[in-house]
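Open the model in your viewer and keep the selection panel at hand. We will go stop by stop.

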Amino acid sequence: MSGQIGNQPTPPEAEGPLLLDIAEVSKRFPVGKTGWLSGKSHSLVHAVDDVSLTLARGETLGLVGESGCGKSTLVRLLARLTDPTSGSIRFGTRELSAIPAKDFARDPDRARIQIVFQDAGESINPRFTAADAIADPLRQLQGLTGDTLRQKVEEAATLCGLPLELLARFPHQLSGGQRARVGIARAIGPRPDLLVLDEPTAALDVSVQVTILQLLVSLRESLGISYVFVSHDLNVVRLLCDRVVVMYLGRIVEVGPARAVFDAPLHPYTRGLVAAVPRLDGVRADALRLVGDPKSPIDPDPNACRFHGRCPIGTDRCGVEMPELRRFAGGRQAACHYAEEAPA
Amino acid sequence: MSDTALGHARHVVTENPVTGFALALFILFVLAAIFGPSLVPYDPLASDTANALQAPSGQHWFGTDQIGRDIFSRVVVATRLDLGIAAASVALVFAFGGFAGLVSGFFGGWVDQVIGRVSDTIMAFPLFVLAMAIVAALGNTVPNIVLATGIINFPLYVRVARAETVQRREAGFVDAARIAGHRDMGVLLGQVAPNIMPIMVVQMSLTMGYAILNAAGLSFIGLGVRAPTPEWGIMVAEGASFIVSGEWWVALFPGAMLMTAVFCFNLLGDGLRDIVDPRRRT
Amino acid sequence: MRGLLLRLAGSLPALVAVIIVTFVLTRVLPGDTATYFAGPTASAESIAQIRAELGLDRPLPEQFWSYVQALVHGDLGMSLTTGQPVLTDILARLPASAELTLCGLLIGMAIAIPLGIIAAVRQGSLADHACRVIVTAGVSLPVFFTGLLLVYVFYFLLGWSPAPLGRLDAFASPPPAVTGFYLIDAALIGDWETWRGAAAQLILPAVTLGLFALAPIARITRASMLAVLGAEFIRTARASGLSSRTLILTYALRNALLPVVTTLGMVFSFLLGANVLVEKVFAWPGIGSYAVEALIASDGAPVQGFVLTMAILYILLNLAIDLVNRALDPRARHT
Amino acid sequence: APRDAAAQAAPTRNETLLLVQEYGPNSLDMQGIGSSQPVNGVALNCYDRLVRFKRKPFDDVTTSFDIKALEPELAESWQEASDGTSVTFKIRADARFHSGRSVTARDVKWSLDRAVSIGGFATTQMAAGSLEKAEQFVAVDDKTFRVDFLRRDKLTMPNLAVTIPFVFDSEKAIANSGGDVWAKDYLKNNICGGGAFKVEAWRPGTETIYSRFDDWKSGPLPKLRRIIARDIPSPSTRRALIERGDADISYGLPPKDFKDLVDAGRLKVSAVPVPNAIWYVALNAALPPFNNVKLRQAVAWAMPYEHILQGSLFGRGVPMWGGPSTPAELKWPVPFPYSTNIERARALMAESGVAPFSTTLLYDAGSGTIGEPMAVLIKEALAPLGITIELNKIPGANFRGELNKKTAPMVINRFGGWLDWPDYFFFWNYHGNNSIFNIPSYQNPAMDRLIDAARFAPDEASYDTNVRGFLELGMHDVPFVPIVQPYHDVAMQRTIGGYQFWPCREPDFRYLTKG
Amino acid sequence: MSAATPAAAASQSVLDVTDFSVEFRTRAGIVRALDRVAFSVGRGETMALVGESGSGKSVTAYALLGLLDAAGRITGGSARLEGTELTSASPAALSAIRGKRAAMIFQNPRAALNPIRNVGKQIGDVLRRHAGLGARAAAAEAIEMLRAVGIPDPARRAGAYPFELSGGMCQRVMIAIAVATRPALLIADEPTTGLDVTTQAVVMDIMGRLAAETGMATILITHDLALAAERSGRIAVMHAGHIVEDAPTKTLLLYPRHPYTRRLLAATPTAAGNLADLRSIPGNLPDLRRDDLPPCRFAARCDRRLPACEAPMQWRELEPHHRVACWNPA
Ligand SMILES: Nc1ncnc2c1ncn2[C@@H]1O[C@H](COP(=O)(O)OP(=O)(O)OP(=O)(O)O)[C@@H](O)[C@H]1O
Ligand SMILES: Nc1ncnc2c1ncn2[C@@H]1O[C@H](COP(=O)(O)OP(=O)(O)OP(=O)(O)O)[C@@H](O)[C@H]1O
Ligand SMILES: [Mg+2]
Ligand SMILES: [Mg+2]
Ligand code: NI
């Protein structure tokens, strides 16, 4: 189905192999209302804290972690929907962190970074038909109108396996899988270089999920897009992603090739996470259990490991010294004082 | 499941006979407003003191008033003005209040603060007295009554529009629109505004009734539309003094008409609310 | 506590704005106060004399300044219509309005909340539609008309209700003022005859107001009850086999009450402003009719005083709603 | 705390009168500036004057007064000086104030001095009777008081009987004055005199309760011991109260209600054509188009008189149209020679040469159920002449301001003078000195001469000639188109007797009886 | 027409459901949500009910406990809970059973708890209603229940409101409410959807432990086959209101016989698999409002369809405890 479509992604050759290079990015949200008279509030949610990572051209990066650990915030930062509190976001050769999110809407690079949102239904304006939704970015970002626009819309829809007769429907008249396809079609319409997918299949049945994942793979092949893929489902991440980033309470705790990370996690949190994933082949009686809840992301202790207190192998050291993200063999990194002691 | 809004409306109406009834009434009122003046049997302004205060009869269906004017004709002809006042004031406050609420909810920050203060200030006034003061200060002309009614409804619209906007400010489709290259105003007017429209329409329907009542109250105080223009509020206010003396029809018919109109708008508003209520969508 | 103080402080700007707006409004009122009060045969000099006495000949900013200065000292000026200091008038009349409005609200609540609950529990049923029609009818008539109709029927025709002579029968004397609420004051000294008299006087106007309050309260009760009944925790409660009494009263109603309380506050302040017309019909010596008379007479000070009082009441009311909300909703205590 | 008073023999219901009125006094001091109409009632009942008008029977419900004859009140007798330059009063020996102190000439002087110096309405009214300076008032001794005349003015003596020149307990007033010469604040809130009634409680805007002063000597002791005057703003409610028998007496209802009450016949209604008062339409004689006499006459011929009397006043008034072309009687008001005749109106309109035009008709919002229908009927009636009228209802406070501008082309108004002389009315309304009531801004030196001559006419004959002169001139020039002379209607239960009508139109509790 | 008697031994079973059918009347027509559903759960047993969204899992649970909304009604069959017939029980009788002998927990635990009542009281409410405890005893027992579901510092947490607790804790509170009266049957409708996998593991552990301790039968409703595989002894697969296959977990996973089960398994990502090996299920669930629903509701999506599939569905017990409703099982 991709053969019929002219596919000209626009990565200028000179830009080098790294598509995205973000360094020491943090995002903090003030909590409590900054009332008119109450002055500035001093409590901050450290949603994303000192995160650095890179994404190579054509690579698919998985992002996993507990709910509320900052995955969405991070991808919103790199999609330039919100402004980072600090840090740099380099897209190709361009530094984007200095451009306010407000102005980025009209930036020439806007079309090159697109997002597919978690809840496809909610991310489509209920007053738009599928065609309107897909056309919107094309019209706004590339100034297309009339027949060209329609043609492009249909092209994108076809690419995503969306029957053209569904284009006239409103979101509530579409099934979950179809909505997900509309969301993807809308995002790939402007032919982005980077597609951020924030839990695109979380609300779907397995069977629909499979087709969406396979669609993503085929789009990646035909359009040469790089993905940042956020998911709760480690099995899916493993299937789709080249590399995986594990976050915990706003910080990266482990990075590495997906298979390696899941087969032999270095960080105790990753270990607990992997152990908790249910498997078709039955329960493991000895599986590691992470009891308790994460700490509050509000004003966390800068000198303590965020996992301290819940960590099965933590020591007093973890309470006073924040572990750095260290490099390990096989292109892996982990932020734990005791990562070496990981069982093989 | 229905495919169109119209179809949806149809089944809500059939499911809810009261709303259907209100809709029928509404259509009647609109017809009266449009064609009323050319249909009525008497000149609504023509006095006939020889036939003053006649009880309802075959000749004068609703009787006659103090100076012998035909109440039926006056009541029917008044529809246009009353609906006009209500519609105009509601349209006014819809435009300004709705937009202010939209902006306030969407941008937050100081814009929100300023708009919030303005509507707080209005809310802190006893609203009817504020309307009176505005009309008294600017003169009791129809535009001023419209304006006053609009102003006192302002906070309500700001509140509703703001709440709805805040709910949608973080919605996925707003982000999606940003990603699609819309800037703030584009998102606000192109994406958020159409989505809060249904609930605003409900609001409008409910405040239409209130606007009519408000105009009637002003008339009672003596600050309403100028004589001899027929207007329900004035007619009720004038007729009110005849209730005790037994000429009940002078106040009753305009009162009933007023009540029916307000009633109709309120029921319609409730019905519309059910129609736009997402929980009721299948 | 700090939160409350902050809230109070937060309403200051609105209060200041209210003061300015009222001042300006009363000054642009077209009537010439001095001419009005100089009487019909007044000469130009006597009008000028009155004008000077009232300070109306001075430039507006100066008038405003002295108004504010007086305000700071708790002086709201003099009412020309009653010839009394505005503060005295308002203090004497506020309890009357408050008692009336409160009773109206209570009557409204007593009818509307059960109606709203029934309508929600039996959504779509005949009872639901009937409730809707009944409460909407209540709000569809101008209050003065309802009031007159009630007087006509219950006093004039049937004679069930006492003469609408104000708060008490002409020959009764008010109980010693403690709260200013006759019902409470009479109960305090155990004077049940006065209590009954005051209550009898109160019923018709309170019902008039109550009818008006019916619709918003019932509407919001129904809506929030519906929302709550559809909530998942109600399903849990049902799945736990809780009795329908516990279910509706303890689980659903208490949750549904949160938006109702907020609405009640709004309705109360709305009624307090709207009972202007009711007070007129029932000769109720409240602040609403006071303000209207003053407004018609272009008598600025009482209007300003009235609006200011109402604004302060409104702010206090919101504070009270906040407190009630806090009491009802643990979530509110944490913000 | 009237509660305590219950210990003494409390007034029975039969000794208590329940009066319902639209609004009550805004002060207890009728001389004070800004006092409202009901304050006259306070002055009447709670204070005494030197003299009062002689009462004369009017019909079986009402006693009225003779404006030309006086009887003693505080003064037991008086004597005009033979040269006609002064009058000397002998004050009742037994007259006491509420405080128990005996009334002296000094009190009278202080009170009259106050009336002429305090400014505002009181001073204006005093001046209407040539009472202008404090020097005119002399306390000869404790019980003798003299008024020196500035000029010969037939209004001087009657003006001493109106509600303004009443007598305060000056010692008490001064003691409580707080430094103010005229004790304005104190007297505003306190009765400080010796009238037949005391104010027991005054809740402005709510009620005023009067109780009898049992030591009153200036007349027969009133039968009523207590009066409760409630303010009931809604006329319908007042009507309901009186009709159901819950209230004893009420006035100020819309004319329709009085008509009904009279027709029903279950209540007594006192109906007195208000002396010196008319409802009229003023046409601005100073500005086009109504500066054209023919046009004004055309309007006078087009007025729907009968319709107004029926539709607006429900017959509660005396027609002021259809009279002979010269006044039949030399009194005021008299019917004008106009009546509704649209042909004559058209002819005059054509003669006037005024093309069809639009104009505005002002009326007072306070005139309620009367002004509005009247205005509507006039608007309708003048349309055939090509006069398009926009109605402009002006809220009370604004009305006088509008009149003062003297620019309103047409105004509906009602004027009533306390002192029932034609020249009194004409002086206020037609004189070129352009008082506020000369609403048409009518300027005619001939008229001024006639009025002035009549006011200070040396003899009956010259008075009559001048009165006839100005009446005829007024009829010809019609700056005012008189419509009707209104009734002052008061409804009361059948058990109420002794209703007394005074120029101030407030009820006099001193003569009322119950049961 | 007749469904075979359920595989589990009747003597041991807590719940026996046979020929259970449910319909919803809607404006758009009658939704035949359940059609002759049959299964039984034994004491201490955990049965998983799996299937795509809309297959009728929740409706089964609600219908059993009489929680259907007004539009829904049971049109046939029987459901016996420890011998009590549920389908014909009066609302009052059902309400007495609910929470006492059969309890239910839901997904989205935070929303499923009363936001303005502290959790101790919410547990206490059930105890007071069903265990006849007084207020004080109920409060004490509530604390014990909190302890039993592994909430640290239960005495203090009893006074907490749902919004003060994490999702995992709320779900444990829900479990506490459900098991407070030691019911014979617990229906857990997707109890861990929306929770993190780490939390899910802990919550499922607790449920498993409590079931084992009290001998409670559990119906675990989930769309996650892997979770079912880990946590249940038996799996019943639902499709469009039918139970299509019912077998012990291991058997079902290793030897799925119904084409739908096989399809479902083929679509489920596993730790070891490859994306390209996964296959989605063609087509959609049929519209249950149709009047002409085929006897096998999977037929339209099935690649093993035979002309025989037009015949009314019959249970086939292929081997002991392994039933399948298919004319052409693999
Ligand atoms: N606009 C905001 N204001 C304040 N706090 C925020 C805001 N957005 C996110 N947060 C906080 O930042 C943290 C990270 O949130 P985020 O949505 O990025 O998590 P997530 O990993 O995407 O979670 P999930 O898996 O549930 O989607 C959370 O604690 C959240 O409460
Ligand atoms: N109140 C209702 N009115 C009409 N149809 C209903 C109603 N409730 C459920 N249904 C229908 O019953 C069928 C089964 O729904 P059910 O909620 O049991 O599915 P489920 O298997 O629990 O799905 P999920 O995994 O999404 O929870 C669906 O087709 C649904 O549309
Ligand atoms: Mg997220
Ligand atoms: Mg479900
Ligand atoms: Ni629909």
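Contact here means heavy atoms within 4.5 Å. Keep that cut-off in mind for the chains. This is a predicted model, in which local features need pLDDT of at least 70 and side-chain atom pairs count only at pLDDT 80 or more, while totals for chains, interfaces and linings use all residues. Residues are numbered from 1 along each chain as its sequence is written, chains are lettered from A and ligands numbered from 1 in the order in which they are written, and side-chain values use heavy atoms, with hydrogens and water left out.

**Stop 1: the chains**

Color by chain. Eight pairs of chains are in contact, and chains B and C share the most contacts. Now select chains A and D. These two do not touch, and their nearest C-alpha atoms are 42 Å apart. Chain D and chain E do not touch either, with 48 Å between their nearest C-alpha atoms.

**Stop 2: chain B**

Show chain B as a cartoon. What will you count? Chain B has ten helices and zero strands. Helices (H or I, at least four residues) and strands (E, at least two) are DSSP runs, numbered from the N terminus. The C-alpha trace of chain B spans about 75 × 50 × 30 Å along its principal axes.

**Stop 3: the sheet in chain A**

Move to chain A. Find the open sheet of eight strands, with mixed pairing and the order 6-7-8-3-9-10-12-11. Two strands pair if DSSP finds at least two bridges between them. Which strands are at the edges? They are strand 6 (113-116) and strand 11 (326-328) of chain A, each pairing on one side only. From one strand to the next, the twist averages 20°.

Select residues 243-248 and 251-257 of chain A. These are strand 9 and strand 10, which run antiparallel and are joined by six bridges. Click A:R243: it stands opposite A:P257 in strand 10 of chain A.

Then select helix 6 (residues 176-188) of chain A. Helix 6 lies across strand 6 and strand 7 (194-198) of chain A, running at about 175° to strand 6.

**Stop 4: a hairpin in chain D**

Select residues 137-141 and 144-148 of chain D. Strand 6 and strand 7 of chain D form a hairpin with two residues between them. Four bridges pair these strands in the antiparallel sense. D:V138 stands opposite D:R146 in strand 7.

**Stop 5: ligand 2**

Zoom to ligand 2. How many residues surround ligand 2? There are 14, and the closest are E:S53, E:G54, E:K57, E:S58 and E:V59. A residue is near a molecule if one of its heavy atoms lies within 4 Å of it.

Show the distances. An oxygen atom of ligand 2 is 2.5 Å from an N or O atom in the side chain of E:S53. A backbone N or O atom of E:G56 lies 3.1 Å from an oxygen atom of ligand 2.

Finish with helix 1 of chain E, which gives the most to the shell around ligand 2, with three residues.

Key. Axes are lines fitted to C-alpha atoms, for helices over the stretch in contact, and angles run from 0 to 180 degrees between N-to-C directions. A polar contact is a pair of N or O atoms within 3.5 Å; within protein, one must be able to donate a hydrogen and the other to accept it, and residues adjacent in sequence count only if both atoms are side-chain atoms.
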